[in-house]
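Trainee: Could we go through this model together, step by step?

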Amino acid sequence: MPWNQGNGGPWGGGGDNGHGGGGGQGPWGQGPRGGGGPGGGGPQPPNLDDLIRQGQEKLKRALPGGMGGGGGKKSWPIIALVAIAGLVALDFIGQANIFFYRVQADEQGVVLRFGEYNRTSAPGLHMKLPTPVETVLTPTVTRVNRIDVGYVSGAEQGRSDLVRDMPQESLMLTGDANIVDIDFAIFWRIKDAGQYLFNVADQAGTVKAVAESVMREVIGRSEIEPILTEARQEVEQAVREGAQRTLDDYGAGIEVAQIQLLKVDPPAQVIDAFRDVEAARQDQQRLRNEAEAYANRVIPEARGQSEQIRQGAEGYREQVVADAQGEAQRFLDILEEYRKAQDITTERLFLETMEDVLAGKQKVIIDQAPGEGQGVLPYLPLPELQRRTPRAGTSN
């Protein structure tokens, strides 16, 4: 096919069929060359050998010392150094990972030398031997993973509203020969990335199997009543500690963060009977609390009353004893005075006694002294006159 079709070939460039000065241009920018091509002296495509030769010449001129002769051997170390420097620069900024590698804050770096575990590195920038001598794995160690035991949640099956029970996992035998249905969740994270990657093949499956085994052991040592009521926290703590000890013995490099009991119920077949028993137990507890409240109210009142009576009796006893002691002391005082002056004391006692006996009585005093007429003393009843005087004033 001739290159001079119409206006200078497929790359444009109107021409004069190779005879004029403004001939067409080829794809590499050179003018058409005449010669023995088909169809006469029209333009021909460039020679590929000439193009390769021109590229080699340009590369020789660009490299120091040139590529030809003895200077080519001296230029190869420079080329190698430039290439290595470029790789190191790319590696340092995290683009190649040949000599350097970076471990993020939430990761641990596990370095493998020829595929064998060599060391674990902390977060930061580290050096290593070039690939494939050493390779690095950087698993995330701060993410908390969750495994459910006893049921399959809807999230695992792509549906948020679906929960499927797994009785082969959830039904467990208690220490008092009862069956309890338990669903629980395990929260765990990586503690040692090297152990996690190489000591255990199925990490999640191992965690689930260990936690389920320890849960069955703890439930088998406990009775059903505390498991259903107040011992949930103790069960969670015991299972977490037991599972952690087992995983540490395996060298799994896993930390069990939490065991959470989600459901603790009797089996579905007998749950109604257990609910009746639980209702009766709650009634029993309520009645016991009411009785204890009544006792706490009545007993202090009775103790207060008994203390009041006791203190009253003690006061009465002290009063009687004090009165008796006073009377006895008074008698001793009178006796002592009587011994000093018997006549005067006798008369005084007689007068005081008569004063007590005749108080408030009508009295007539008779003087028994001889030679005094009839011996009747005139008596002016002043108290009677005093009682009558207000009455007379009132009548007036």
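Trainee: How many helices and strands does the secondary structure of the protein come to?
Mentor: This is a predicted model, in which local features need pLDDT of at least 70 and side-chain atom pairs count only at pLDDT 80 or more, while totals for chains, interfaces and linings use all residues. Residues are numbered from 1 along each chain as its sequence is written, and side-chain values use heavy atoms, with hydrogens and water left out. Helices (H or I, at least four residues) and strands (E, at least two) are DSSP runs numbered from the N terminus, and the protein has ten helices and eleven strands.

Trainee: What is the mean pLDDT of the protein?
Mentor: pLDDT is the predictor's confidence in each residue, from 0 to 100. Of the residues, 67% reach 70 or more, and the mean is 77.

Trainee: Over residues 1-43, how many contacts beyond near neighbours in sequence does the model have?
Mentor: The pLDDT of this stretch is below 50. Counting as a contact heavy atoms within 4.5 Å, the number for residues 1-43 is 53.

Trainee: Which residue takes a positive phi in the hairpin of β2 and β3?
Mentor: Strands β2 (residues 109-113) and β3 (residues 116-121) run antiparallel and are joined by five bridges, where pairing requires at least two bridges found by DSSP. Two residues lie between the strands, and the one with a phi near 55° is Phe114.

Trainee: How many of the 16 residues of α9 are buried?
Mentor: Buried means under 20% relative accessible area, with a 1.4 Å probe and protein chains only. Helix α9 is hardly covered, and its count of buried residues is one.

Terms used:
Buried means under 20% relative accessible area, exposed over 50%, partly exposed in between (1.4 Å probe, protein chains only).
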